[in-house]
Amino acid sequence: MTDHPAFRGADRPRLARRLSAWLVAAVLACMPLAALAQTCHISGSFGLNFGSVNANGKSATSSITYVCQNYTSAPVLYFDLCLYVGPGQYSNGQPTRRMINHSRQTYLSYDLFSDSSHTGKLGPPGTLPPYRFPMTVANGRQISANAPIYGLVYPGQTSAAAGSYQEQNTSGILRWRYANEPFTASADCSSGGLGGGETSFNSSGVLADYDNSCVARITAADLDFGQTPPPGTAIAATSTIAVSCPPQTSWRLGLNEGLNHAGGSRRMAGSGSYVRYNLYRDPGRTQQWGNAAADSYTHTTAANGSTITVTVYGLVPAQPEAVPGNYSDTVTVTLTY
């Protein structure tokens with residue numbers, strides 16, 4: 001019998017080698033499917049920028065993208081996921097998370113939450129209830145979703161110096177459990193279902209710019225001279241204004257002349273008439289309080305950034321001719337810094 005040219009002796013080894021190579025390639029192509037069976041992971045890193053912040057505090061929102069996949073024979077896989085976010089480099093062991101201003105070595109306190117009302121604080125495993133959410137993935141699918149993260153810079157941090165703040169090295173963990181029917185995993189997603197695992201992720205940074213702002217508020221809504229007959233003698237009363245500014249900030253507090261000013265005196269209006277009064281910076285009521293720099297109350301906030309309470313001294317001079325009735329005026333407070 002004559003050999004077919006395709007199977008002559010010199011060609012047989014070559015054909016055998018080709019078949020072996022094709023067989024190896026086919027086996028390798030199937031191997032990743034086992035590794036892709038059912039798993040979850042974090043896509044990218046977590047970051048949050050509060051932008052410009054002052055002593056009033058500020059909230060901001062970011063998110064963490066998570067991905068779960070189902071490359072099994074199950075038509076549907078049910079996932080139960082728990083998200084944890086640990087402390088950063090300046091927050092470990094502190095009552096709140098902290099960003100630092102490196103040049104001034106002062107801190108800005110903040111926290112991360114799972115809800116917009118800032119009640120579900122986020123932390124590392126074992127310290128707080130996890131941020132928990134489900135996911136359902138059909139066969140052959142990979143689904144991604146976002147877990148919102150709500151940040152809050154706490155108000156009233158008057159000891160923070162102006163400048164840029166940041167915290168790095170914030171790491172987190174995503175734990176997941178799965179089953180091919182609805183189930184309940186353990187409270188921390190460490191057990192339950194058919195199986196599961198966990199994956200870690202890092203932060204690109206938490207940032208804020210604390211501006212050199214001040215906050216003024218009138219702690220007593222009214223300076224009330226009380227109820228009295230037409231005054232035959234002067235009537236005195238006081239009120240207060242609280243001012244919060246960053247450390248070592250110089251500022252001045254001015255009061256305008258009111259709505260009914262005339263003849264060099266403030267006036268309260270009512271009953272078709274007026275009652276004269278004035279406002280002062282000193283208990284002796286000799287330094288009238290106005291809006292000009294020379295007539296304002298001036299101060300520099302201490303290094304600890306404590307709130308300053310300023311007293312306003314009011315005086316209604318004797319005016320027995322005043323008509324009985326209710327009298328009032330509106331005075332605008334101006335804080336300059």
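Close-up 1. K121 is partly exposed, with a relative accessible area of 29%, a label for values between buried (under 20% relative accessible area) and exposed (over 50%), using a 1.4 Å probe and protein chains only. D111, in contrast, is buried at 3%. Look for the salt bridge that joins K121 to D111, where the closest N and O atoms are 3.4 Å apart; the term stands for a side-chain nitrogen of Lys or Arg within 4 Å of a carboxyl oxygen of Asp or Glu. K121 lies in the loop between β6 (106–113) and β7, while D111 belongs to strand β6, so the pair ties together parts that are ten residues apart in sequence. Strands (E, at least two residues) are DSSP runs, numbered from the N terminus. R97 joins in too, as R97, D111 and K121 are linked in a network of salt bridges.

This is a predicted model, in which local features need pLDDT of at least 70 and side-chain atom pairs count only at pLDDT 80 or more, while totals for chains, interfaces and linings use all residues. Residues are numbered from 1 along each chain as its sequence is written, and side-chain values use heavy atoms, leaving out hydrogens and water.

**Close-up 2. R132 meets D80.** Here the closest N and O atoms of the salt bridge are 2.7 Å apart. The pair links distant parts of the chain, with R132 in strand β7 (residues 131–138) and D80 in strand β4 (residues 76–85), 52 residues apart. R132 is partly exposed at 32%, whereas D80 is buried at 11%.

**Close-up 3. R276 and E321.** These two form a salt bridge with their closest N and O atoms 3.7 Å apart. R276 sits in strand β16 (residues 273–280) and E321 in the loop between β18 (308–316) and β19 (333–336), so the pair ties together parts 45 residues apart in sequence. E321 is exposed at 54%, and R276 is partly exposed at 34%. A search of the whole structure finds six salt bridges.

**Close-up 4. The disulfide of C40 and C68.** The sulfur atoms of C40 and C68 are 2.0 Å apart; a disulfide is a pair of cysteine sulfur atoms within 2.5 Å. The link is right-handed, with 110° about the S-S bond, and both cysteines are buried.

**Close-up 5. The disulfide of C82 and C189.** The structure holds two disulfides, and here C82 and C189 have their sulfur atoms 2.0 Å apart. This link is right-handed, with 60° about the S-S bond. C82 lies in strand β4 and C189 in the loop between β10 (171–179) and β11 (195–210), so the pair ties together parts 107 residues apart in sequence.

How values were computed:
Helix = DSSP H or I, 4+ residues; strand = E, 2+ residues; numbered from the N terminus.
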